[in-house]
Amino acid sequence: MSRRTFSVVICVYTEDRWADILAAVESVRRQSLPALETLVVVDHNARLLDRLTEEFTPGRKAPGPASPGEEVRVLANAGPRGLSAGRNTGVAAARGAFVAFLDDDAVAEHDWLRHLAEGYDDPRVMAVGGRTLPVWASGRRPVWFPEEFDWVVGCTYRGLPPGRVPVRNVLGGNASFRRTAFDAAGGFATGIGRDGGRRPLGCEETELCIRLGRALPDAVLLIDDRAVIHHKVPAARESFRYFRTRAYAEGLSKALVSRSVGSGKGLETERRYTTRVLPAGVLRGLRDALLGRPGGAGRAGAIAAGAAAAAAGYAVARARTRPGVAFSHGPITAPAPRLEAR
């Protein structure tokens, strides 16, 4: 494997996650494949921007051994409020040939970047994602919470294929792209995705990956389940109320994506998920209930409720939007000079 130069982008928005942000940055600093730089992008929060700028002022001694050439840069989101514009700000400033994204409440395992980098030995590969494992605030998975719906809390869900495999899209909180992918397809869409405390929408990475496949028909996108991060799940997201709300929001987002890119590509993965993965999950839950195992009936019911909520969100958004809806994909213009892969 040749050496790769990675810029790691961590988008942040609230001081409530201060300790999590520092832990995320530290996990990047301890990678077996050193990052060229870590870009911490602050989403329209002046106090947090000032505090992080002071924390990572050049010359200030950070805990632990720094990687050779690694630095932390703190940036203000140059676009509208939201995760998509924050990521685009990071991409525009990135100097590495590859850009990786890490959630602000997650920590990466020691070989995370090394495993992501291995996928790029094939020049056709334009994106590589990894596996995201939940860290439950309560210390354990709620017995009713089905693994098929771990995407609700930003984690890898049951139904994704194991190993290093081609996929339609990577999952945004644990993903990487060639920098040239953004030159070809533009950035993350700023009409979908998360925006601080508003409704928990998503799918911005799905829309980008579909657009990338259209711009570069020979492009290959991979998930390598050895590239692992651990994602915190706060107590509020362990509730059934959040589960249902997030599933509904996902339906809204999927409808916007399908209106933009067409239902063929926009829903091809979801069709397999709803016709194979979810029915198998319901049967598994019912079997566990018959065997007297805890939570079996609850998991079966949660799968049915989650699917119904997502379908309702999809139907509502389809009724309210017209085909061909377009999103802004910037700003990814005038990127900083970057180092090419060797």
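The model is predicted, so local features need pLDDT of at least 70 and side-chain atom pairs count only at pLDDT 80 or more, while totals for chains, interfaces and linings use all residues. Residues are numbered from 1 along each chain as its sequence is written, and side-chain values use heavy atoms, with hydrogens and water left out.

**Nonpolar cores**

- The largest nonpolar core has 35 residues, and F6, V8, L52, L102, W112 and L113 touch the most other members. A core here is a set of buried Ala, Val, Leu, Ile, Met, Phe, Trp, Tyr and Cys residues joined through side-chain atoms within 4.5 Å.
- Helices (H or I, at least four residues) and strands (E, at least two) are DSSP runs, numbered from the N terminus.
- Skipping neighbours within four places in sequence, W112 is in contact with V8, Q31, A100, F101, L102, N174, A227, V228 and I229; contact means heavy atoms within 4.5 Å.
- There's also a second, separate core of 28 residues, with C11, L39, L75 and M126 among them.

**Around H231**

- H231 sits in strand 9 (residues 220-233) and counts as buried at 4% relative accessibility. Buried means under 20% relative accessible area, exposed over 50%, partly exposed in between (1.4 Å probe, protein chains only).
- Not counting residues up to four places away in sequence, H231 touches several residues, including D103, D105, T132, P134 and C155.
- The H231 side chain also reaches the backbone oxygen of V153 at 3.3 Å.

**Aromatic pairs**

- A search of the whole structure turns up 19 aromatic pairs. Rings of Phe, Tyr and Trp (its six-membered ring) pair if their centres lie within 6.5 Å; planes under 30 degrees apart count as stacked, over 60 as edge-to-face and the rest as tilted.
- F149 and Y273 pair edge-to-face, at 6.2 Å centre to centre and 65° between the planes. F149 lies in the loop between strand 6 (125-136) and strand 7 (164-166) and Y273 in helix 8 (residues 263-290), so this pair ties together parts 124 residues apart in sequence.
- Both F149 and Y273 belong to an aromatic cluster with W136, W144, F145, W151, Y157, F240 and F243.

**Charges over rings**

- The charged end of R51 sits over the ring of W18, 3.8 Å from its centre. The test is NZ of Lys or CZ of Arg within 6 Å of the ring centre and within 35 degrees of the ring normal.
- R87 likewise has its charged end over the ring of F101, 5.7 Å from its centre.

Notes: Polar contact = N/O pair within 3.5 Å; in protein donor to acceptor, adjacent residues only side chain to side chain.
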